[in-house]
Every structure is written in structure tokens, then in C-alpha cells.
There are 2 protein chains.
Amino acid sequence: MSSDSSTPTAPTRPPGTARKDGPDSSRRSERSRHAIYDAALASVAEVGYQRTTIEGIASRAGVGKQTIYRWWSSKADVLLEAFLDLSEQASEAAGGTPWEFPDTGDLAADLKFVLRATVDELLDPKFEAPSRALAAEGVVNARLGEQFVTKLLEPQLQLYVGRLRSAQDSGQVRADIDPRIALELFVAPLAQRWLQRSGPLSHGYTDTLVDYALHGIAAR
Amino acid sequence: MSSDSSTPTAPTRPPGTARKDGPDSSRRSERSRHAIYDAALASVAEVGYQRTTIEGIASRAGVGKQTIYRWWSSKADVLLEAFLDLSEQASEAAGGTPWEFPDTGDLAADLKFVLRATVDELLDPKFEAPSRALAAEGVVNARLGEQFVTKLLEPQLQLYVGRLRSAQDSGQVRADIDPRIALELFVAPLAQRWLQRSGPLSHGYTDTLVDYALHGIAAR
């Protein structure tokens, strides 16, 4: 999934990198865009969502605030795109392809691979503070929470849905299972441990979740 | 589980109701205690955790702030106990016994009963706003988050652990399952949908989680 879209507030993609105003301007835009993302993430990590402002982001990024308003309509939009960018980078760093779910034919292995990479991302200090700030605000701020879900969380969950559907097609998952609920058996425990600090995160833990979810905990 | 403890900051119980200073004073204390709980919950729902103060709680409750400091050492302590009290009331309203997990011998039925009651509690407006405010603060405030887990969440999760162990003893759950992880398959999805508003809550949903967790989603 990639786009040269010039509609920077579109849900799933950061502003286009190839702009009509030529290569030099385009490189400058790209640099500004990343400086703005970094500034937005740093600000929310440091002072929280409520005290983050477009002015503050512009000043940290060394750009005029009109540059920000040219591309985004609100601080929520900047932040959501900064997170999309961060998580695409994390995905690439883990050896995956952003917005693609591996399908080796072995469902358990594919789920474990993605969940291990997610654990690594959640434990990455670069990700930790800004993500917590945004998630906390989403808990009490319904509008932001819904944007967070629509633009960031749900598109990622839909990748699991796709993988579970393909496992249903190949007969590895029961046909009567609702994939949108089933994915929560392994995704939600990881999310809760991270959000609420209710237990340690490790690769062994997510592997166990996958095994339990696939085979059930009941005696046979 | 019940206690006449005179150490009101103990993790699991509100201040004792039978105090050495006699029945009239004890009734007054009881009234004050509930007024303080209500004020604490109302304050955090209205202005958030950070702007909630002992002074503000005292003023809303119509008591002197020394009355609060006599029983609790911080606003976090007051709030955590107010939540314990609220969730005990919810438990009783749902026909259960606080701090006891039903054990009818039918694990699926018992889990579904408790999760349905939890859905009802989470959808109760009395519970919604203060719980969100506390949960949001716990996401970004590690110290509060850890108290929230230690005093509120983990004692509740341990009730599931106990029930799953008894199901292992009776041969309904595989002996090699770790109950502390297994419970997350049905508890965490509910928590995530509530915290992140990532999907609707209903009795049918939690019933489905229990069925998937017990029997697995893989084809046999």
C-alpha cells in the first residue's frame, strides 16, 4: 500500500512525497514533514496531548505554522499520521512490509511473527511515551479515541482479519469463526498488558496466546 | 471477603464500618465515607484525575479535609477505594457476591455469567466517566497505573485464576495451561473494546469470547 496522494488528511497515508512543485521542493517537503512528525511525537510525549499545540509543533520543527496547516487540519491529524509513519518504520525495521500480513501457509507461525514484532515495537522507547500519551487521551476523549481506532487501530486489525480469512479458506480455522472477534484473543491481551501495565511483554507470552487461541484451553 | 479493618489504606477494603467510637459516630462515619467516595468519583469524572484534589473532594462531600486525611493518605487512595466500593455494589446489584467467583461446576456458564455482569457494569453511566478518567491517567502515570493494577485489577483477575484452577482440578481445562494467561483471552478483549472503543460490548460478544477461548479457533 503506497500512495502519492495530495490529500494529506486521508486516513491511511502521510502526505505525498512527489509533489507537483519539483524534486528540490519535494525533498524539502519531505524533510519538513519528518521534522513535523518528530516534533509532534516529542511534544505529546513531553507535555501530553492536551497541551500540545500546532504552534508548539511548528516551533519545535523549525517551520511556520502555515506549513502545518497547509497539510493538516488539526493536531490530531498530525499526530495520527506521525504514528502511522512510526509504525511503518517499525514494521520495516522488523523485516516486514507495512500493511502486509505474512502468509507462509502456517497460520501459527505468521501470527507469532507479527505479534513478536509488535512486542518489540511496544517496548521501543521511541514509541512508548508518545503512544501512551495518545492512547490515554483516546480513553477520555471520545472523538480522538474514535479517530485513533478508525485511522490507526482498525486498519491494522483488518490485516489480521484478512489472514484469518485466508486460514479459513485453507481449512486451518473453523468456518463458523468470526475473524474480527477471533483476532482479539491474541491482540487484546497484548494491548491490555501494555496499556494497563498488567503484566510483562515477551515473545514467549505472545506465542502462548497464539497457541491457546488456536487450540483452546478446554480439555478435549 | 469482608473486614472491619481500621487501616483504611489497606489494598482491598474500604475503611471499617464498626469503629470503636460507638454506633452513632459509626453511622456518621459511614455516611461521610460514602459522601467522600461519591465526591471523589464525581470530581475525577468532571475535571479529570490531575485536577482532582483532596480539598475539592472535601468541599463536594461537605466534610473537612482532615476527615479525608484521617482515613486516606492521597487522592489516589480515596479513588481506588471508591472504585472498589462501586464495583462491590455493582457485583451485588448483578446478584453476585463481591470477591467470589461462581462455581456451579459448569466453567463456560460461570465465565459467561461474570463477563455479562462486567459488560453491564462497564455500560453503566455511573461507572463510565470516573473509570475512564482513572484508566486514562493510569496509562500515562506509571505509579498510579501500578496501584490501579495491584489494588483493583489484579485481585479481580485472581478470581478468574482461582476458577480456572478449579476447572483444571475437575478436568475441564488442560493441566498444562497457565490460568493467569488464559483468563486474558476473554478479559482483555472486553477491556480493550471498552478502553479504546474499538467495538461494541454485548452479552453475545462475551459469550463468543468464552466459546472461542475454551475450544479454540483452529479446525480440528
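The legends below describe close-up views of a predicted model.

**Conventions.** In this predicted model, local features need pLDDT of at least 70 and side-chain atom pairs count only at pLDDT 80 or more, while totals for chains, interfaces and linings use all residues. Residues are numbered from 1 along each chain as its sequence is written, chains are lettered from A and ligands numbered from 1 in the order in which they are written, and side-chain values use heavy atoms, with hydrogens and water left out.

**View 1. Chain A as a whole, with 10 helices and 0 strands.** Helices (H or I, at least four residues) and strands (E, at least two) are DSSP runs, numbered from the N terminus. Along the sequence, chain A has the pattern α-α-α-α-α-α-α-α-α-α. Of its 220 residues, 53% are buried; buried means under 20% relative accessible area, exposed over 50%, and partly exposed in between (1.4 Å probe, protein chains only). Contact means heavy atoms within 4.5 Å. Among contacts in chain A between residues at least 6 apart in sequence, 62% join residues at least 24 apart.

**View 2. Helix H4 of chain A and the glycine that follows.** H4(A) has 19 residues and reaches 27 Å from its first C-alpha to its last, close to the 27 Å expected at 1.5 Å a residue. The expected span of a helix is 1.5 Å times one less than its number of residues. Because 14 of the 19 residues are buried, H4(A) is largely enclosed by the rest of the structure. After H4(A) comes Gly95(A), with a positive phi near 85 degrees.

**View 3. Helix H5 (residues 107–122) of chain A and its surroundings.** The 16 residues of H5(A) should span 22 Å at 1.5 Å a residue, and the end C-alpha atoms are 22 Å apart, which agrees.

**View 4. Helix H10 of chain A, with Thr206(A).** The 13 residues of H10(A) should span 18 Å at 1.5 Å a residue; the end C-alpha atoms are 18 Å apart, which agrees. Buried residues of H10(A) include Tyr205(A), Leu209(A), Val210(A) and Ala213(A). The buried residues pack against H5 and H9 of chain A, together with H8 (179–182), H9 and H10 of chain B. Thr206(A) counts as buried, at 0% relative accessibility. Not counting residues up to four places away in sequence, Thr206(A) touches Leu115(A), Arg116(A), Val119(A) and Leu190(A). Just after H10(A), Gly216(A) has a positive phi of about 80 degrees.

**View 5. The packing of helices H9 (residues 184–196) and H10 (residues 203–215) of chain B.** Their axes are 8 Å apart, at an angle of about 145 degrees. Axes are lines fitted to C-alpha atoms, for helices over the stretch in contact, and angles run from 0 to 180 degrees between N-to-C directions. H9(B) contributes Leu185(B), Phe186(B), Pro189(B), Leu190(B) and Arg193(B), and H10(B) contributes Tyr205(B), Thr206(B), Leu209(B), Val210(B) and Ala213(B).

**View 6. Pro189(B), a residue of helix H9 of chain B.** Pro189(B) is buried, with a relative accessible area of 0%. Leaving aside neighbours within four places in sequence, Pro189(B) is in contact with Glu184(A), Leu185(A) and Ala188(A) of chain A, and with Glu184(B), Tyr205(B) and Leu209(B) of chain B. Pro189(B) and Thr206(B) are 17 residues apart in sequence and 8.7 Å apart in space, C-alpha to C-alpha.

**View 7. Arg197(A), in the loop between H9 and H10 of chain A.** Most residues other than glycine have a negative phi. Phi of Arg197(A), however, is positive, near 50 degrees. At 21% relative accessibility, Arg197(A) counts as partly exposed.
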